[in-house]
Structure formats: structure tokens, C-alpha cells
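Good morning, and thank you for making time for this presentation.

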Amino acid sequence: MIETQQVQRTAIGQASFLGVAVEAFMFDRRAAGVRGSTLKFYQHKLQTFIDFLDQRELRYLEQLQPTDIREFLVSLEGTHTPGGIHAFYRCIRALLRWCEDEEILPAGTWQNPIKRVKAPRVDIEPLQPIPLEDVRKVLDTCNTKLFTDLRDAAIFLCLLDSAVRASELLALNTDDVDLLSGSVLIRKSKSRKPRTTYIGKNARKALRAYLRARTDTDAALFVNRTGERLEYDSLRQVLARRCKRAGIKVWLPHSWRRAAALSLLRAGVDVYTLQHIMGHSDLQVLQRYLKVDNNDAATAHARCSPGDRL
């Protein structure tokens, strides 16, 4: 905290030097308890922005104009998706709002340029789920009593059944899962709010078989061959190997969460319950997971046709 205050005072003392302002902003975010992954996100985006401005010899806050921000965003079009460009915009907006709140420049002498820059438009595209047929093919590769096969089958079924994020799954301990009821307590969610989700009987059966095969004493639910908690990069490698062995496209772990959302919706789970299971703060985020096609619409209409129910 003392270090944070010193950096902030330095930033104010050096007026509006953008490099120092970014450094002070990052310390403020760290002091506020922002996650490490979010800090890296801010650091990367803002450093790219500062480098762009530095090439134009724009190093002070009072030099920054709305046109400079717009030109930076346009410069990203050849290398970034619309969603990626919007991420840069959000980071710049957060920095400049912080500078405004901290009164890096005296109140009344500076107008925040981000207020005159419209956010880049991003079309909401449904996220692609792994097809359930591909899930079956991946599970078919876990066909022995070897530890890795038992573990991977349990991972894949738990990912699909619980609809959790991969990071949430890997953060689970064995005592977070009730193998009788199937409840799964997510202590470390993205929103930092605990929630409960569930796994079915097939996932519980696979999980029991995997746990019986373990010889370590680590508290983690999923471990590697040496008995240490499985890391995200290792999970990606596991899934990539399984997909290649199954002869299908290599799917990322998050595609299983998308498949879970769509499968639950098709099974009749209402969107508000699904929002709770997924741990989303609002329905707009959930929309990207629900890739409803014409067959879904036709089935729903046949089941619920207002005219047929007269």
C-alpha cells in the first residue's frame, strides 16, 4: 500500500506523463485486489497504446486528443478482431477515467478525450460449442483403466455436466464435490461469488473410478501424474491429444462449457436458471453461448404452438 501511494504521488508530481500514469493506474488496480490475469490484460493493452503514442511523440495526458485514440483503434484493424479492438478501447477508457477521478490534471483544465470517442461496434456472435458427437468420440479414447484415462474421462464429463469454466474446474478440491447429490461448490468463480452447480450420475461414476485410482494425498480434485494440481496449459494439451486421437478438430476447454449451455437449454432449462448455473452476471453474456438453430426453433414451436393449444 505504501508503494502504491508513492507511485501515485510520483504520477501526480510529474503531472501528466502517460507512462507514469499507466504505472500508477496499475498499482491502483493491484491495491484494489484485481486478479492477476486482469492486471496482465491491462498491462499488455495499455503498453501497446503507449508505444503507439510514443512513436508520435505524444507523451503527456494534455496532448492526447480524441483523434489520437480513434487512429490507434483503426491501426488495430489489420491484426485484431472487433472484439479485440473493443478490449483495447475498454482499457484506455478505464485508464482515462482513473486519471480524471484522480485529477492528474487540475479540475476544469482538461476534458477526458475518451468521452468523445464512440466504442467500437462488436456484433454478438454465438460461440461455437463442441458437438456432443465429438464429446462421445473423445470419451471413447479413454477406454482403459489407466490413471490418465480414468482422470481424463472424469474431467470431460464434469466439464460438460457442470458447465463450469476450465479454471473453476481445476481450482476444485475433492471436498468441493458431493458424490451423492452431485453438487459442486465453486469457491473461486470469475465474479468472486461462490455458486453451486451439479454433475449427473455418469460424471459421478467416472469421478469415483478416477479417485479410487489415485495414490496421492493432494487436496486438488484433478492432479497430474506426479500428484500435483493440474494446470490449465496441461488441460489444453490433454484435450488436444485426445481430439487428435479421436480424429476430430482440436477443441479448446471452453467449448465444453458452450456445449453444456446449449444442451441444458435444449433439455428445457430456463435461461434464468441457466444463467445461475453458468455464473453469468447478466443474460447478454449468456446469449453468446446459446447458438439456437432452425431445428431448435421448429422443435420448440411444435411443442408450444399457441394455435395448437387452443
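Predicted model: local features only at pLDDT ≥ 70, side-chain atom pairs only at ≥ 80, totals over all residues.

Which residue lies over the face of Trp-251? That residue is Lys-249, placed 4.2 Å from the ring centre.

Let me give the overall picture. The chain has 14 helices and two strands. Of its 310 residues, 42% are buried. If we take contacts between residues at least 6 apart in sequence, 61% of them join residues at least 24 apart.

I turn now to the interior. In soluble globular proteins, nonpolar side chains tend to be buried together. Here the largest nonpolar core has 39 residues. The residues with the most contacts inside this core are Ile-155, Phe-156, Leu-169, Leu-207, Phe-222 and Trp-256. At least two core residues come from each of α6 (132-140), α7, α8, β1 (183-186), α9 (201-213), α10 (232-246) and α11 (254-266). Which of these elements gives the most? It is α7, with nine residues.

Setting aside neighbours within four places in sequence, Ile-155 is in contact with Leu-169, Phe-222, Leu-230 and Leu-235. Apart from this core lies another, of 34 residues, and among them are Phe-52, Leu-76, Leu-105 and Val-117.

Just after α7 comes Ala-163, with a positive phi of about 60 degrees. Ala-163 lies in the loop between α7 (147-162) and α8 (166-170). Is Ala-163 buried or exposed? Its relative accessibility is 0%, and it therefore counts as buried. Glu-57 also has a positive phi of about 60 degrees although it is not a glycine. The place of Glu-57 is the loop between α3 (36-55) and α4 (66-75). Glu-57 has a relative accessible area of 56% and is therefore exposed.

Next, the aromatic residues. A search of the whole structure finds ten aromatic pairs. One of these is formed by Phe-25 and Trp-98, an edge-to-face pair with 5.9 Å centre to centre and 70 degrees between the planes. This pair links distant parts of the chain, since Phe-25 is in helix α2 (residues 18-31) and Trp-98 is in helix α5 (residues 82-102), 73 residues apart. Both Phe-25 and Trp-98 are buried. Ring pairs also link Phe-25 and Trp-98 with Phe-41 and Tyr-42 into a cluster.

Finally, the charged side chains. How many salt bridges does a search of the whole structure find? The search finds twelve. Asp-28 forms one of them with Arg-29, the closest N and O atoms being 2.8 Å apart. Asp-28 has 16% relative accessibility and so counts as buried, the cut-off being under 20%. Arg-29, at 22% relative accessibility, counts as partly exposed.

Another salt bridge joins Glu-168 and Arg-165, whose closest N and O atoms are 2.6 Å apart. Both of these residues are buried.

The side chains of Asp-176 and Arg-187 also meet in a salt bridge, at 2.6 Å from N to O. Why does this pair tie together parts that are eleven residues apart in sequence? The reason is that Asp-176 lies in the loop between α8 and β1, while Arg-187 lies in the loop between β1 and β2 (195-198). Asp-176 is buried, with a relative accessible area of 6%. Elsewhere, salt bridges that share partners join Asp-149, Arg-151, Asp-152 and Arg-242 into one network.

Thank you for your attention.

Definitions and conventions:
Residues numbered from 1 in each chain as written. Heavy atoms only, no water. Helix = DSSP H or I, 4+ residues; strand = E, 2+ residues; numbered from the N terminus. Buried < 20%, exposed > 50% of the residue type's maximum accessible area, 1.4 Å probe, protein only. Phe/Tyr/Trp six-rings, centres within 6.5 Å; stacked < 30°, edge-to-face > 60°. Lys NZ or Arg CZ within 6 Å of the ring centre and 35° of its normal. Core = buried A, V, L, I, M, F, W, Y, C linked by side-chain atoms within 4.5 Å. Contact = heavy atoms within 4.5 Å. Salt bridge = Lys/Arg side-chain N within 4 Å of Asp/Glu carboxyl O.
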